[in-house]
Amino acid sequence: MTHKELEVESLFDLSETMAAELLRSVTYPWEALAGIGEFIKKLGPQLPEEEYEQRGENIWIARDASVAPTAGISGPAIIGRKAEVRHCAFIRGNALVGDGAVVGNSTELKNVILFNRVQVPHYNYVGDSILGCGSHLGAGSITSNVKSDKTLVVIRGAEGEIATGLKKMGAILGDHVEVGCGSVLNPGTIIGKNSNVYPLSAVRGCIPAGSIYKRAGEVAEKRQE
């Protein structure tokens with residue numbers, strides 16, 4: 001992926017998230033990760049009271065969202081309209097969950113933006129990451145957000161490396177990305193729009209839009225129907 005393909009406007013339809021203002025303020029999506037918590041604190045009090053209610057400190061939940069009584073939610077957090085937070089989900093703060101999104105059983109979120117209709121429905125961990133509209137993580141798939149040697153995350157694109165300055169960064173998924181069950185997205189992974197990842201994959205680096213990731217070194221372009 002070129003540096004242009006890594007930019008916010010290339011990866012996402014910003015009409016599909018409440019975080020559009022935050023994301024428009026940066027060039028690359030990982031630059032927004034540090035500002036998620038403060039953005040939620042600013043946005044929450046502006047949400048219409050007829051649609052959202054405040055449930056605890058810096059926690060706003062849409063009145064038509066479905067939240068299991070066994071779910072744990074720490075602020076700052078916003079749960080969007082018609083979103084579903086299932087049994088024993090654990091939202092650790094700095095989480096903006098979009099309209100119609102699904103946060104599944106035993107799924108954990110921390111410092112994330114989930115665009116509208118994202119699904120992380122079964123035993124997923126998503127930390128320091130942004131998932132575009134309609135993207136989906138298969139059961140047991142996770143974002144790994146810290147390198148094993150604890151060094152800062154570097155993005156490796158087709159035009160060279162970009163230093164993020166971040167110790168913690170998971171994955172950036174463009175709109176409508178499908179990740180197969182049991183996959184690990186390594187720190188600094190970026191996957192372009194409309195791409196698929198085979199189950200049980202260990203993904204690192206940048207995957208172009210419209211691709212099928214089969215294994216390391218084997219990435220195919222999707223056929224045009």
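Reader: What should I know before I start?
Author: The model is predicted, so local features need pLDDT of at least 70 and side-chain atom pairs count only at pLDDT 80 or more, while totals for chains, interfaces and linings use all residues. Residues are numbered from 1 along each chain as its sequence is written, and side-chain values use heavy atoms, with hydrogens and water left out.

Reader: Ok, which residues of helix H3 are buried?
Author: In H3, residues 36-43, the buried ones are Ile36, Gly37, Phe39, Ile40 and Leu43. Buried means under 20% relative accessible area, exposed over 50%, and partly exposed in between, with a 1.4 Å probe and protein chains only. Helices (H or I, at least four residues) and strands (E, at least two) are DSSP runs, numbered from the N terminus.

Reader: Where do they sit around the axis?
Author: They are on the same side of H3, because they cover an arc of only 165° around the axis. The arc is that of the directions from the helix axis to the C-beta atoms.

Reader: And what covers them?
Author: The cover includes helix H2 (20-24) and strands S2 (59-62), S5 (77-79), S8 (95-97) and S10 (108-114).

Reader: New topic. How many aromatic pairs are there?
Author: A search of the whole structure finds 2. Rings of Phe, Tyr and Trp (its six-membered ring) pair if their centres lie within 6.5 Å; planes under 30 degrees apart count as stacked, over 60 as edge-to-face and the rest as tilted. Phe12 and Phe115 are a stacked pair, 4.8 Å centre to centre with 25° between the planes.

Reader: What does that pair tie together?
Author: Phe12 is in the loop between helix H1 (8-11) and H2, and Phe115 is in the loop between S10 and strand S11 (119-122), so the pair ties together parts 103 residues apart in sequence. Both Phe12 and Phe115 are buried. Tyr28 and Trp30 are also stacked, with ring centres 4.8 Å apart and planes at 0°.

Reader: What about Glu16, buried or exposed?
Author: Glu16 is buried, at 18% relative accessible area. Its side chain makes a polar contact with the side chain of Arg117 (3.2 Å). A polar contact is a pair of N or O atoms within 3.5 Å; within protein, one must be able to donate a hydrogen and the other to accept it, and residues adjacent in sequence count only if both atoms are side-chain atoms.

Reader: Last one: where is Val146?
Author: Val146 is in the loop between strand S14 (142-143) and strand S15 (154-157). Val146 counts as partly exposed, at 25% relative accessibility.

Note on methods. Contact means heavy atoms within 4.5 Å.
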